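User: I'm new to this one. Can you walk me through it?

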Amino acid sequence: MTSTTSARLTSGMLRGGLVLALAAMLGWSPAPVAAQATGTLVGTVRDAASQRPLEAVQVYIGGTGIGALTNSSGRFLLLNVPAGEHDLVAELVGYRAGNSTVTVGAGESVVADFAMQQTAITLDQIVVTGSGIATEKRKLGNSISTLDAATLADAPIINFSQMIAGREPGVVSLPSSGYTGEGARIRIRGSASLSQLNEPIIFVDGIRVNRDAVDANNGQGNPSRLDDIPPESIERVEILKGAAAATLYGTEASNGVIQIFTKRGQSGAPRFTAQGDWSGIAVPTNRIDPVADFIGRDCDEVDCSGADDAATIAEIQGRMQDRFGVSPGAFENFENDLVPEAFNTGFAQTYSASASGGSEAFQYFISGRYQSEDGPYNLDQNFQEDPNLEASNDENRRAGFTSNFTITPNQKIRIGVSTLYSDMAHQTPDNGNNIYGAFSSMLMTQLRRATTQGDLGTFGSNYYGNPAFATSRENMYQLNTVKSSHFAGSTTVGFTPSDAFRLDGTFGLDFTSDDAVAFRPYAWNVDGFSGSTPEGNRNVEEYRTREITADIKGSYISQFGANIENTILFGGQGFLRQNQRAGGSGDTFPGPGLETLSALANDGTFESWTRVTQLGGYIQDQVGINDWVFITLGGRWDANSAFGEDFSTVFYPKVSASLVPSQGLDWNSELISTLRFRGAIGQSGLQPDAFAKFTTYQPRPSEQGPGVGPDNLGNNALKPEVSTEWEIGAEAGLFNDRWSIDATYWDRTVSDAMVSRQFSVTGGFTQEQLVNIGELVGKGVEVSLRGTAIQSDGLTLNVFANTAYLNETITDLGGAPPLKAGGSYPRYRNFLVEGYTPGAFFGSQTIADLAIPLNILSPNTDGTCNIPSEARALAYFDQPRSPSEFKPLAYGNSDFGTPSGEAASNNCGSGLLDTYMGKPTPDFAGSFGFNMSFLQNFELNTLFEYKQGIQNQDLSGMFRRANAVIGRNTPRAAELGATMANPASTAQQRLDAAVSWANEVEGLAPMSGMNGIYDASLIRFRELSLTYRVPSDLVEGWGLSTATLNVGARNLHMWVFGDYTGMDPETNVIGRCNSGLSCNFLNSTEGWSIPIPRRFTLSTRVTF
Amino acid sequence: MINRIKAPAAAVAGMLVLSGCSGLLDVDNPNNLVEEAVRQEAAANGVVNGALWHVSEAFGSVIEAPAVVSDELYWIGSRDAWGALDQGFISDPANEFTDANFPNLGQAVWMSQNAVEVLAGHLANSADPDNFRVDYGRALMFRGLALMTTAEQQSDMTFSYKTVDGPPVSSGSAVLGQEGFEIPMPNMGAVMDAAIASFTEAIGVFVAEGETDLELDATALRMRAGMSRQIMDARGTVGTAIAYNAAVIGDANTVLADGGGDYRYNLSYSAASTDCNMCGNVNNRKENQIDLSLVTVDASNDVDGINLQDPIGGGDDLALIAMLNQWKGGSYTDSGNQYNDLTVSSARLAHLILAEAAAAGVAGVGTFADNINNLRAIDGYTTDYTTEDVVATLQHHRRVNTVLQGLRLSDMYRWGLEPETTAGTDPAAVWAPASDAFLRRGSMLPVTLIEVRANCYLNGLPCAGG
């Protein structure tokens, strides 16, 4: 190893207590200081442009092993510095290294300040993930992203999901819904599997941790386990984007790897940080159509000519006068902006504190956090409170504790102990695609049915005019709660018997425990409207998971001559994951006040258990030539308990190369000041489901005794699906590294892809069975640009932009039929079809070029649709009509492809639902923004995220527009419906309205997808923050080191550039989820979610 | 499990971990039984009970769509695929509900046939075959019930085995079962014939074993199957009364003689056993409701009264009340109970068969009036049938005494009846002129999309091995 390399290695990786251990490994034994005359070095490190003090700068004296990190005030202190002249170095990721020559006299305290220049390129950054040992990024042929948490300290983020959103091209954090506590689904470079969960695997300080959603008994509002990790405790996050980088992680790593490193202590006096955040939360309602209706829809006859119709109209008019103060005439449209009544301004508060410090042999970092949020959903504000019932709310409360201890008993051994504990209480109202959803019932109100609010307990009150299932007031008395705890603990032991050889062992346990309850109390149907379990019901589920990690690895560094450095890495890993579920459900309490399963009249129980064991070994060799050419070869073997009996182990190879000509060649260009090329190819895999190999029968308790029935078809030949990915890329630093550009092209093929194949359902086993028959290819380009646009006294403007292009295609389903997300439910239109993007939308589409696209005549004798002439259509509409009496004519398509041009409808033609309608993943996605420092103490940060070339399904809007029973309540639907039903309309007016109905309004089964899937390209103003750092002379007077005030906002505004009709295209009918085809591919389908709210946050942080 | 670890020497460290811990990779599944366990003698009773579970689930789900097409149920909920059925579009293979229920029926047929085969194996191979005779009879009865439901409710069907697709009945070459147990099913009539044969074999077992209650149940089911076999042939035409054959009449007389009174063969449901989809949809979710030609509802669409009157003495129809009380698990105006008994066959049906046969001129079955009045006596009617219209009387009494038993749509077909618009119902709740029910009388449920896409005989993809 060259001395330059060694110095850089220390700069990024060696933090706090790691310094001595790694220094020992590299042969830098501290000198016996007691025998020398020494002095002290102190100083402050600042950003050269903004003069902002810089925290966590590595300041060290080259070749001595003496070093320290700056604190939050940018200050450092080096004790016991031998008297004499020294080269003092300051290094921080994102900055050019600072060098200074200082002379320290015996007993002197010398001041050495640094002003560091920002750099836009970070090739010397040290990473661990995927490389096995601490390695500079420039040596790796694969791309790896690093998020430095310090750079996000002032961003308006409250959890990990928000922390990684929009930071890296190709890494997508899908927010899913606006409910409080909802976690985000994370996707890296799209989908690497057709059947297995496409979430990356997560490591914290070297151990695998649970990446599940916390199931809150609903489609939406499910927290993510990743948000158990307090952002304040995170030092950095490393992200491997695909198989070429994640090969050493083997099976399960196809979707990438995220490794979180928590903060560690630094030797020195105790340092404390305390922070408070207070947020107001508001739901944007600007894209929610008002509720509209017309009187006359309830007539016995379409044209209100029945005997009792006049009385019906009069009765409704009277009720509307009482409820809304209006009295519209028959067939007259009227509107009311009811839906926003479900919201008020939510409030959240977070308090966190940490302490760190220690000696040279022992360092500690401990932190605690308390967060509570009462979201904006507040339906009960509109109703008189029932003292016997509790109204649902969207609430989330988390308390967490982390600790990190580093013990260095001698120069050869280092021990690290990390713990994380999180406790959460969460509540969310019934939501999602759910007829008893509280917010969904607000969207499905019908003005003409609304009554004044009766007194509490007055049956028959229907304040929001709910047409079916339950009233909004009843729905809000359903409770969904989760109490959850999460512990992760790990121990790492490092042993460095010689300068070149190193052994590390990491052992850890991740444990989670959730207790989820869905509860309808006795007599929850307070309006006497709902007939569903009026005596209540209860569903209880206890879910426990354990993930055990054992990871042992060794490395050996050797030199061959002056120019070649060789690093060999080898190791073995074992993972054991075990999940247990148990619970029960039932209905009918004998009376009020009972809340246990045992009080139910009808109940059943369940229990299940799964375990997956993975054992693997790996080896890797990296050769560095002249410190600018690096070649890496490696591979991993894996065995897994989920593989079929006919399959044993799998081997995943990799090779990569990195060339840094700007370092190795005689390079003097200021324009291209740094240049690197890299390339990598590698494999990783995904395992089958835990028990997918077994043919099994499940318990089927009959009325005549216990029984069994077919469950899993089983496949003994199951093996992992294998992702083979290659990527090439280049990074360039421009204008003396003030600007940088990073571009990567990647190409992935997933072979032996596991397809959840549906076999003939009359063959006994109706569940889909995993079969290794598919192939999925993907390719993409990731480009990021960042740099300093303005740098002058008192003003620095840094800008960034990134984009990721993604193209994915299912190239082979192995003869299996197309698969559909969402089971047989026809309104979800995401399919897996050969030749198309996974999850592509297929559905029916009105024949746009047909003047009268209406199916109002009987089919022709050959079964084809009879297209009406204008005369026939006018004759048909010569009398009032209901939209329920006819259907649009759609493009026929018999084979999941482009329209054939044949007319089809629900009773003629074919291929009604098979027309390609778009894809739910964007062509381009990314972010841009800027960071501006001004007036020395102010900093302004922005982040915008965008998606381009994406289609979304507005499912809840389709219901609102088209459903005959619980919909047709948008202004346009009411207008067209009234025109068609009105006896005063002309035939032409009715026909025109019917054509508009076909082209704009009609949807849902059997015309699923029609008038519901639109271009949803968007830009979202994701983050805005303004930070004020209180001048140091002020805060020192208060006994503090630093003080920061921050105002921030999230999701300030959204610009939708397509013709999308929904409330918020970033929400999804399935929120954070855990497994299954729908979790992967039921994407970009908006369904009754609260729009993602705006958050306005005031924060203050002090250190002392 | 790890039998071929071929790691190069350079990976010794990793491989040592692998080979030393191979036992960790043998993870059993404690949640479910594996195939070998199911075929053990000790599991025989569980296999047959499992067949009952699947047959019950299938019956409680499959008959709902035809009930919505008919005038027994109408759509009041949010999912408009029920609305399409309400309008008579019964043959749409993509209808989400028929598509969701089809696997239940397929699994019921497969599991009951599997139970027959497993039990037959025990009878042939066990050292103590007597232990399995009654369960074998039960398996035969449940297979008959699955096949009868298939023949009654489906226009077509497939019979596959695990990953081996089977051709549709309409192809003329469908076969149920594995080698040694194969039953040719060249048409839907043959499916019903197989059901009848299965019941007959079951009755033989029960007679031999002295299981009189089971014998009665199997006879009642065979009676219904025989009746439906003849109604199947009459669906496409408009007729009056069917002259049931001697076997059906014999079974009806046996049911009345041995069961008598208000005997019913019911399938039962509970939270701890089998779910009744139709019961949940109507009584709990209120996606569909009892048709307004039968009942009245309040503003919340809950049943609050009887609409259909007794055509002879007037007043709310007592038979309808009796059957709906069972349907609601108490009183027909109660809040819903989603776990009710569903009647499959009954003494009421025996009376109706005999009455219809009498109306059709079959000798030796008594008069139409006597049979109808015997039926009415079950509900305590004091006003007897005398001279009212025979066919209308038969139609009414079949309707109220077999409500929600999967028989009404076939009756409507064979008598040329259509749903009527009732005050308050959506005009779209009657059969559309272009609907299958209207245009192609006799249309029943199709082989649905999930099977069409998966089965090589239907999706156009090559079948394995050919």
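Predicted model: local features only at pLDDT ≥ 70, side-chain atom pairs only at ≥ 80, totals over all residues.

User: Which element gives the largest share of the lining?

Analyst: Strand 38 of chain A, with 5 residues. Other elements supply at least two residues each, including strand 12 (171-174), strand 47 (924-934), strand 48 (938-948) and helix 14 (1077-1081) of chain A.

User: Staying in chain A, where is Met444(A)?

Analyst: In the loop between helix 6 (438-443) and helix 7 (472-475) of chain A.

User: Buried or exposed?

Analyst: Buried. Met444(A) has 5% relative accessibility, and buried means under 20%.

User: What is Met444(A) in contact with, leaving aside its neighbours within four places in sequence?

Analyst: Gly465(A), Pro467(A), Ser956(A), Phe959(A), Arg960(A), Ile966(A), Asn969(A) and Trp1088(A).

User: And how many Å apart in space are Met444(A) and Ile741(A)?

Analyst: From C-alpha to C-alpha, 49 Å. In sequence, 297 residues separate Met444(A) and Ile741(A).

User: Switching to chain B. How many helices and strands?

Analyst: Chain B has 19 helices and 9 strands. Its radius of gyration is 25 Å, close to the 23 Å that the globule rule gives for 466 residues, so chain B is as compact as a globular protein of that length. The C-alpha trace of chain B spans about 95 × 50 × 45 Å along its principal axes.

User: How much of chain B counts as buried?

Analyst: 62% of its 466 residues. Chain B still exposes about 15500 Å², with 51% of that supplied by carbon and sulfur atoms.

User: What share of the contacts in chain B with a separation of 6 or more is between residues 24 or more positions apart?

Analyst: 70% of them.

User: Why is helix 11 of chain B largely enclosed?

Analyst: Because 7 of its 8 residues are buried. Helix 11 covers residues 277-284. Among the buried ones are Met278(B), Cys279(B) and Val282(B).

User: What comes just after helix 11?

Analyst: Lys286(B), which takes a positive phi of about 60°.

Terms used
Residues numbered from 1 in each chain as written. Chains lettered and ligands numbered in written order. Heavy atoms only, no water. Helix = DSSP H or I, 4+ residues; strand = E, 2+ residues; numbered from the N terminus. Rg over C-alpha atoms; globule rule 2.2 N^0.38 Å. Buried < 20%, exposed > 50% of the residue type's maximum accessible area, 1.4 Å probe, protein only. Contact = heavy atoms within 4.5 Å. Areas by Shrake-Rupley, 256 points an atom, 1.4 Å probe, with all protein chains shown as cover.
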